[in-house]
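Here is a walk through one protein structure, taken part by part. Keep the sequence and the 3D view open while reading.

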Amino acid sequence: MAKPKISYACQNCGAVHPRWSGHCDACGGWNTITEEIQSAAPVGSLKAKGPARSNVVEFVDLKGQNAPLPRASSGIGEWDRVTGGGLVPGSVTLIGGDPGIGKSTLLLQLVAALAQKNLTCAYISGEEAIDQVRLRARRLGLEQSPVHLASATSVRDIVSTLEPQKGQKNPYDLVVIDSIQTMFVDTIESAPGTVGQVRATTSELIRLAKTHNITVLIVGHVTKEGTIAGPRVLEHMVDTVLYFEGDRGHQFRILRGVKNRFGPTDEIGVFEMGGKGLAEVPNPSALFLAERRERISGSAVLAALEGTRPVLVEVQALVAPTTYSAPKRAVVGYDSNRLSMILAVLEARCGIMFSGQDVYLNIAGGLKIAEPAADLAVAAALCSALSGIAISGDAIIFGEIGLSGEIRPVPQPDLRLKEAEKLGFKSAYIPQGKSKPSGHMDCHSFTTLDDFVRYLRG
Ligand code: TYD
Ligand code: MG
């Protein structure tokens, strides 16, 4: 028998080291390296052993004769939008999210919807007992749906159960693995959830998906930093990576695509967690603005764009004299570096000083905004918070701010304006651009931040 191979892998970043050490050079983590024993042949390669010989690689043209990808649309509009029209058979999707955010709920609702469409779906839970999953199904009103439920953690068992017998049809079209951190293969000695196990179990599941055209959905835990736990290579291995995010204090949940080999990655799906599970939110703007109080200083409405969909959200800022030597900058739902940049531009180009002030910035509703088009709304909220002068409650704002204090155009201004008009907004503060806004909105366009700030002060 071949000697087992010993490697030393960092549990944080997945880097493999030749010997044990207390410090990982790759990610800088301390005490993250553990020994991993691997038998010479992983499960998948057992069958493929033969005498060594080389074959000629065949080349083909790019065109091919394949029909467009068939997709399994679930009828859950927000899910289908994020996946690009539904799951592609044989694809592997990884879904990450904080504990308790609703991953298991989402996937149970999804498999129930797909089972309605005559797909044979399996839901394998390694975290919860059968009764717990049944309890959730009852709460969701899905106990009658023909989903095959099992509780298992051995990937060898799972693969041999799902694999079709020789010459027979696939017994299953789709399988949910909840979660990858509980799964193990017996060829590796380390505990479930370690880098080696996560990598090996994922590659076994990918092999199952690709050889038998079974759609695989994998739940992955996230670390404190918010990335999927385990090696980064996990995200490279799978076809699609989705994050299910949200604030546990809010009922909104956002499904965000970060990688998709078969569709767009900039779309979001918005759900609302209620007593009967997740409900789709077809018009998120109305929901995000529902609790807004008008005529309050420090509040600005941003017309953001998430994928192809415009979303209106409230940007809230609060400025208070600091009691520390270094003033505090706290953000929720926004990039703190971007906030520092906007504060610096306001100070250097417009002479508005925030030194000696603590600054708090919040995107209301639990949405995370990353696009530069939010800059102008953030600047407006900050100036309004500092001066105490409220911004007109029926105005929306968007625009990117450059380091020299210029306001730059952003993509799709018309789409943003149309959404604002639909929700009853009357005016807009926007960058000077070529596009002439249609409709009845009163548009004020600006070329420099200085002009805009002067305008706000009246
Ligand atoms: P769950 O899907 O178990 O989260 P995850 O798999 O991401 O850990 O969801 C857990 C939370 O959702 C739990 O705190 C209860 C809440 N919840 C509802 O509010 N309504 C519901 O109908 C269900 C099923 C769960
Ligand atoms: Mg769960």
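A residue counts as buried when its relative accessible area is under 20%, as exposed when that area is over 50%, and as partly exposed in between. The structure shown is a predicted model. At 3% relative accessibility, Glu78 is therefore classed as buried. Arg309, at 9% relative accessibility, is also buried.

These two residues form a salt bridge, and their closest N and O atoms are 3.1 Å apart.

The model has 15 salt bridges. One of them joins Arg256 and Glu306, whose closest N and O atoms are 3.4 Å apart.

Another salt bridge pairs Asp375 with Arg338, with the closest N and O atoms 2.6 Å apart. Here the link is between two helices: Asp375 is in α9 (residues 375–387) and Arg338 is in α8, 37 residues apart. Are these two residues buried, or partly exposed? Asp375 has a relative accessible area of 0% and is buried. Arg338 has 21% relative accessibility, which means that it counts as partly exposed.

Helix α8 (residues 336–350) also meets helix α11 (residues 449–457); their axes come within 10 Å and cross at roughly 90°. An angle from 65 to 115 degrees counts as roughly perpendicular, so α8 is roughly perpendicular to α11. On the α8 side the contact is made by Val345, Leu346, Arg349 and Cys350, and on the α11 side by Leu449, Asp450 and Val453. Sorted by class, this contact has 5 nonpolar residues, 2 charged residues and no polar ones.

Next comes a sheet. In which order do the strands of the open sheet stand? The sheet has 9 strands, in the order β6-β5-β7-β8-β4-β9-β10-β11-β12, and the pairing is mixed. Strands β6 (148–151) and β12 (277–280) stand at the edges with a single partner strand each, so one side of each has no neighbour in the sheet. On average, neighbouring strands are turned by 25° against each other, direction ignored.

The pairing can be followed at both ends of that order. Strand β11 (residues 268–274) pairs with β12 in the antiparallel sense over 4 bridges, and the bridge partner of Phe271 in β12 is Glu280. Helix α3 (residues 130–139) packs on the sheet, where it touches β5 and β6, and its direction makes about 145° with that of β6.

Of its 5 residues, 5 are buried, so β7 is largely enclosed by the rest of the structure. In a regular strand, side chains alternate between the two faces of the sheet. In β7, Leu174, Val176 and Asp178 are on one side and Val175 and Ile177 on the other, and both faces are covered.

Strand β7 has a partner on each side. Strand β5 (residues 121–125) pairs with β7 in the parallel sense over 5 bridges. Strand β8 (residues 215–221) also runs parallel to β7, joined to it by 4 bridges. What stands opposite Ile177 in these strands? Ile124 is opposite Ile177 on the β5 side, and Ile218 is opposite Ile177 in β8.

The last stop is a loop residue. Ala364 lies in the loop between β16 (357–363) and α9. With a relative accessible area of 13%, Ala364 is buried. What does Ala364 touch, not counting residues up to four places away in sequence? By that count, Ala364 touches Phe288, Glu314 and Gln316. The C-alpha atoms of Ala364 and Val313 are separated by 6.8 Å, although these residues are 51 residues apart along the chain.

Key
Residues numbered from 1 in each chain as written. Chains lettered and ligands numbered in written order. Predicted model: local features only at pLDDT ≥ 70, side-chain atom pairs only at ≥ 80, totals over all residues. Heavy atoms only, no water. Axes fitted to C-alpha atoms, helices over the stretch in contact; angles between N-to-C directions. Parallel < 35°, antiparallel > 145°, perpendicular 65-115°, else oblique. Contact = heavy atoms within 4.5 Å. Nonpolar A, V, L, I, M, F, W, Y, C, P; charged D, E, K, R; others polar. Salt bridge = Lys/Arg side-chain N within 4 Å of Asp/Glu carboxyl O. Buried < 20%, exposed > 50% of the residue type's maximum accessible area, 1.4 Å probe, protein only. Pairing = 2+ DSSP bridges.
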